[in-house]
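Here is a short briefing to read alongside the model. It looks at a helix pair and then at the ligand site.

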Amino acid sequence: MVLALDLIPSLGTPKEVLRGRVEGLLRGLRDYVVAVKVGVPTILALGVEVVREVTDGFREYYFIADMKVADVGHINRALCTYADMMGFDAVIAHAVIGRRGGLDEVIDEVRRRGGAVFALCAMSHEGAEEVLNRNFNALLKLSTEAGVDGYVLPATKPHYIRRAREVVGGGKVIISPGVVAQGARVGTAIAYGADFEIIGRGIYASEDPVGRAREFASRLRWR
Ligand code: 3DU
């Protein structure tokens, strides 16, 4: 299970309060969560230095920067450099930017720094079917040829996961959001071929995050 860390404080909340909440969650979830995907709102709220201190303090987790990188080459490189400075192990990029001047540069920058790249090839929300998901096969192909380490695919539309697993085989990692709060049931994405399910609000917005994580982890246990 991957925790989607999207703690979004109201304006004026002291950074230390947010940091305390983040660290409390990470201390409690150690036994149930293997990776933490941190979204841009939380990165902005904490700031580069504090994110670095948090990643340094919890090295037992694998940290994924969900910056959804989707710009031209030099900006992508700058974002990936920041991800490295903040201690992230992996970066998520949009496959839709294409390879030359896009994903190829993301992969080059992240690899030089010893990290991994996940490509977003389909999304979970309704509007994703209007354009993005219609190009799923092409996005999967180009990101595979570019040499990404894995894919982000929606648990709410698990046929994309099944298709990706058929096409790319077992050597790539599929992580899947959309579980609990967006309606996908715990275990569906794994059943369709994902390696990890990503859960955010289903854990951190609960009154008992550790209890919820324990319950989800027991449902996800590999047989
Ligand atoms: O709905 P949750 O609170 O479990 O959070 C889901 C996370 O996954 C959130 O960080 C969001 O940015 C990310 N995500 C999707 O929800 C759907 C996608 O297609 C891609 C990423």
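Helices H1 and H10 cross in a right-handed sense. The model is predicted, so please read the values below as computed from its atoms. The points that follow take the helix pair and then the ligand.

**The H1 and H10 crossing**
- Helix H1 spans residues 15-29 and helix H10 spans residues 209-220.
- Their axes come within 9 Å and cross at roughly 40 degrees.
- On the H1 side, the contact is made by Leu-25, Gly-28 and Leu-29.
- Facing them in H10 are Pro-209, Val-210 and Ala-213.
- Five residues of this contact are nonpolar, one is polar and none is charged.

**Around the ligand**

**Polar contacts and cover**
- Ser-124 takes part through its backbone, where a polar atom is 2.9 Å from a ligand oxygen.
- For Lys-68, an N or O atom of the side chain is 3.3 Å from an oxygen atom of the ligand.
- On its own, the ligand has 460 Å² of accessible area, and the protein covers 88% of that.

Methods
Residues are numbered from 1 along each chain as its sequence is written. This is a predicted model: local features need pLDDT of at least 70, side-chain atom pairs count only at pLDDT 80 or more; totals for chains, interfaces and linings use all residues. Side-chain values use heavy atoms; hydrogens and water are left out. Axes are lines fitted to C-alpha atoms, for helices over the stretch in contact, and angles run from 0 to 180 degrees between N-to-C directions. Helices (H or I, at least four residues) and strands (E, at least two) are DSSP runs, numbered from the N terminus. A crossing is left-handed if the near helix is turned anticlockwise from the far one by less than a right angle, and right-handed if clockwise. Contact means heavy atoms within 4.5 Å. Ala, Val, Leu, Ile, Met, Phe, Trp, Tyr, Cys and Pro count as nonpolar, Asp, Glu, Lys and Arg as charged, and the others, Gly among them, as polar. A polar contact is a pair of N or O atoms within 3.5 Å; within protein, one must be able to donate a hydrogen and the other to accept it, and residues adjacent in sequence count only if both atoms are side-chain atoms. Accessible areas come from the Shrake-Rupley method with a 1.4 Å probe; for residues, only the protein chains shown count as cover.
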